[in-house]
Amino acid sequence: MKGRLVIRSVFVWGHPNIRTWEPDDPGTIAELVSLDIGERSKSSADTFSIRVATPAGLSTLEARDGILATRPLLIMERYDFGNLWRWLERTVAECEADTWLASVENLRRYFAWEYDGYKET
C-alpha cells in the first residue's frame with residue numbers, strides 16, 4: 001500500500017521546522033533529528049529520531065566509555081537539507097508495510113521509536 005506513511009513534521013531541538021533550520025557550520029553537525037510519522041489515513045503520529053552528523057561533527061560529541069555514537073546514526077558528508085529530506089522520504093516510504101505495527105518494525109531499523117524500551121506497568 002504505497003502512500004500509507006506520511007512524515008508530519010521533522011525538527012531539531014529548539015527548531016520546530018527543520019526546513020528553516022540552518023546549522024552554524026554545515027560541515028560540523030551532530031544533531032538529534034526527530035520525525036513525527038503516521039498513517040496517511042489517521043491524524044495521529046509517533047515520534048522517531050536519528051542522530052544526523054558529519055565526520056567533523058562526531059568529534060564534538062562527548063564520549064561515554066570511549067563511544068561517540070551508537071545507532072541510529074546517519075552520517076552526511078556535509079549537512080544539506082535537500083539531501084537529508086530526500087533520504088528521509090525514501091527511507092520512510094521503503095518502510096511501509098501492510099499494517100502500522102509492521103511499518104513501525106521497519107522504521108525501527110533506521111530510527112529510534114519513542115516507545116522503544118517502554119513497558120506497561
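Hi everyone, let me start with the largest pocket: by class, its lining has seven nonpolar, two polar and three charged residues. For the classes, Ala, Val, Leu, Ile, Met, Phe, Trp, Tyr, Cys and Pro count as nonpolar, Asp, Glu, Lys and Arg as charged, and the others, Gly among them, as polar.

A quick word on the ground rules. This is a predicted model, in which local features need pLDDT of at least 70 and side-chain atom pairs count only at pLDDT 80 or more, while totals for chains, interfaces and linings use all residues. Residues are numbered from 1 along each chain as its sequence is written, and side-chain values use heavy atoms, with hydrogens and water left out.

Back to the pocket. On a 1 Å grid over the protein atoms alone, a pocket is an open set of points where a 1.4 Å probe fits, with protein on both sides within 12 Å along at least five of seven lines, and lining residues have an atom within 4 Å of a point. The volume here is about 170 Å³, taken as the space filled by probe spheres set on the points, with grid points joined across faces, edges and corners. Among the lining residues are Leu32, Arg51, Glu62, Arg71, Pro72 and Ala112. Strand 3 gives the most to this lining, with three residues.

So which residues make up strand 3? They are residues 46–53, with strands (E, at least two residues) and helices (H or I, at least four) being DSSP runs numbered from the N terminus. Six of the eight residues of strand 3 are buried, so the strand is largely enclosed by the rest of the structure; buried means under 20% relative accessible area, exposed over 50% and partly exposed in between, with a 1.4 Å probe and protein chains only.

Now the partners, where two strands pair if DSSP finds at least two bridges between them. Strand 2 (residues 30–39) runs antiparallel to strand 3, joined by eight bridges, and the two form a hairpin with six residues between them. Leu32 has Arg51 as its bridge partner, and Arg51 also stands opposite Leu73 in strand 4. Strand 4 (residues 73–75) pairs with strand 3 in the parallel sense, over three bridges. Strand 5 (residues 112–113) pairs with strand 3 in the antiparallel sense over two bridges, with Trp113 as the bridge partner of Phe48.

Next, the core. Which residues touch the most other members of the largest nonpolar core? Of its 27 residues, Leu88 and Phe111 do; such a core is a set of buried Ala, Val, Leu, Ile, Met, Phe, Trp, Tyr and Cys residues joined through side-chain atoms within 4.5 Å. Helix 2 supplies the largest share of this core, five residues. Leaving aside neighbours within four places in sequence, Phe111 is in contact (heavy atoms within 4.5 Å) with residues including Leu35, Phe48, Ile50, Pro72 and Leu88.

Pro72 is found in the loop between helix 1 (55–58) and strand 4. Asp65 lies in the loop between helix 1 and strand 4 too, and its phi is near 55 degrees, a positive value in a residue other than glycine. Is Asp65 buried or exposed? Asp65 is exposed, with a relative accessible area of 82%.
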